[in-house]
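Subject: Structure handover and findings

Dear colleague,

Please find below the structure that I am handing over to you. My findings follow it.

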Amino acid sequence: MHRPTSLPLDAPPSPPPHDPGQDSAAGRAGHARHALVDTEPGLPGPVLAAAAGVRKAMIVPVVTALAIGTVFVAVYLAAFHAPSARHQPLGIAAPDKVAARTELALNNAAPSGYTFYRYPDAEAARQAVTHDTVPAALVADSRGTRLLVAGAQGPSTVSSFAMAVAEGTGKAVPVQDVRPLAAGDSRGLSVFYASFGVVLAGFLFAVSSYQIAPRLRLAARALSMLVFSAASGMTVALIAHTAFAALPTSFAVVALLVGLLACASAAVAGVLLRLFGPIGMPVASVVLLILGNATSGGILPATFLPAWLSPLASVMPPAAAVRGLRGASYFHNAHLTGAVLTLLAWAVGCLTVQYLVDRSATRRAGRAEAEIGRTAVQP
């Protein structure tokens, strides 16, 4: 007869029967939650814990990149595919009859294209061009008819004036460059490249700062921003001013304006990240890298922008920096003070907003903790 086998009373309970389906289901769930496990072994636990699911990881980057790319293409094509002047300043130093005939011809050729400023003689017109009061001036006197231009405005601006005047007057007019570009900047794009690079660096600084330390105190973040801004100003000044002689102004002015642009760009991106969270990065890229650089005036003057875009050229940080650098380099420091004040306003304003947001969040957290404490002591 078979006798049943007895187990000790303290023996551990037998494990439940193994179900292979449970392992496969758990594996599928884990894979769906953290798809990086299969392709990136050895990732830290916190990184995997914060990873998105497969669906979100596949869809969100596509939507974000597509949206930013669409905005970029739409804005730049709208602004530059067929630029035409709108109220472009043009000086005229000529007898009244000649000036009136010229204005009428240009208005007929390009309605609302130009705003005319009269000057008594060629020297007054020249002073206006060299101080960036007007980018060009048409002069007609005993020496003949000629177009005074500032080559420092860029080849595109100069050629647009030459073609417009030739079309309006019915004949080619000799062009005299009274403020040529520096030898190290033959195309007039150094100001734009320097500004664009610094805006991009400021954007990347803010993004990396929040990715590395999202809860860093604002005082520490602002100190890091100041170090980054000073280093950016010195580096760009060494490259653009000293190495390539592309910006013919003082080293200190280049370092100051570029440093302020770096600070303003980082502050703008930082406050957008603080306000909008993960969506702040694409929002900041649209504001700074697309709208900011499209309206900077580094490619074409703001008067060639469409009406819905041109107002940004007077307030955006890249536009202020471009005006300041160009004015300091070629036009007797024209627009320098305004550029410094605009960039300071952006930096200080954005840091102030971020401080107020942080302070409000701290107060809400304090009230929530106090409410939890009162609830816990109630019988």
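In what follows, two residues are in contact when heavy atoms of theirs lie within 4.5 Å. By that criterion, and leaving aside its neighbours within four places in sequence, Leu343 is in contact with Leu257, Leu260, Leu261, Ala264, Pro317, Ala320 and Ala321. Please note that the model is a predicted one.

Overall composition

The chain has 379 residues, of which 41% count as buried. It contains 13 helices and five strands. Of the contacts between residues at least 6 apart in sequence, 68% join residues at least 24 apart. The accessible surface amounts to about 20,900 Å², and carbon and sulfur atoms account for 67% of that area.

Nonpolar cores

Leu343 belongs to the residues with the most contacts inside the largest nonpolar core, together with Leu257 and Leu325; this core has 46 residues. At least two core residues are supplied by each of the helices H8 (190-212), H9 (218-243), H10 (251-276), H11 (280-294), H12 (317-330) and H13 (336-377). H10 provides the largest share, with 17 residues. There is also a second, separate core, which has 29 residues and includes Leu90, Ala94, Phe116 and Ala164.

The sheet

The five strands form an open sheet with mixed pairing, in the order E2-E1-E3-E4-E5. Its edge strands are E2 and E5 (175-177), each of which pairs on one side only. On average, neighbouring strands of the sheet are turned by 25 degrees against each other, direction ignored. Strands E1 (residues 88-93) and E3 (residues 136-141) run parallel and are joined by three bridges. Ile92 has Leu138 in E3 as its bridge partner. Helix H5 packs on this sheet, where it touches E1, E2 and E3, and its direction makes about 170 degrees with that of E2.

Salt bridges

The count of salt bridges comes to four. Which residues are linked in a network of salt bridges? They are Asp96, Glu103 and Arg118. Because Glu103 lies in helix H5 and Arg118 in strand E2, the pair ties together parts that are 15 residues apart in sequence.

Asp96 is exposed, with a relative accessible area of 59%. Arg118 counts as partly exposed at 41% relative accessibility, while Glu103 counts as buried at 17%. The cut-off for a buried residue is under 20% relative accessible area.

A further salt bridge joins Arg146 to Asp141, their closest N and O atoms being 3.0 Å apart. Arg146 counts as buried at 10% relative accessibility, and Asp141 counts as partly exposed at 35%.

With kind regards

Technical notes: Residues are numbered from 1 along each chain as its sequence is written. This is a predicted model: local features need pLDDT of at least 70, side-chain atom pairs count only at pLDDT 80 or more; totals for chains, interfaces and linings use all residues. Side-chain values use heavy atoms; hydrogens and water are left out. Helices (H or I, at least four residues) and strands (E, at least two) are DSSP runs, numbered from the N terminus. Buried means under 20% relative accessible area, exposed over 50%, partly exposed in between (1.4 Å probe, protein chains only). Accessible areas come from the Shrake-Rupley method with a 1.4 Å probe; for residues, only the protein chains shown count as cover. A salt bridge is a side-chain nitrogen of Lys or Arg within 4 Å of a carboxyl oxygen of Asp or Glu. Two strands pair if DSSP finds at least two bridges between them. Axes are lines fitted to C-alpha atoms, for helices over the stretch in contact, and angles run from 0 to 180 degrees between N-to-C directions. A nonpolar core is a set of buried Ala, Val, Leu, Ile, Met, Phe, Trp, Tyr and Cys residues joined through side-chain atoms within 4.5 Å.
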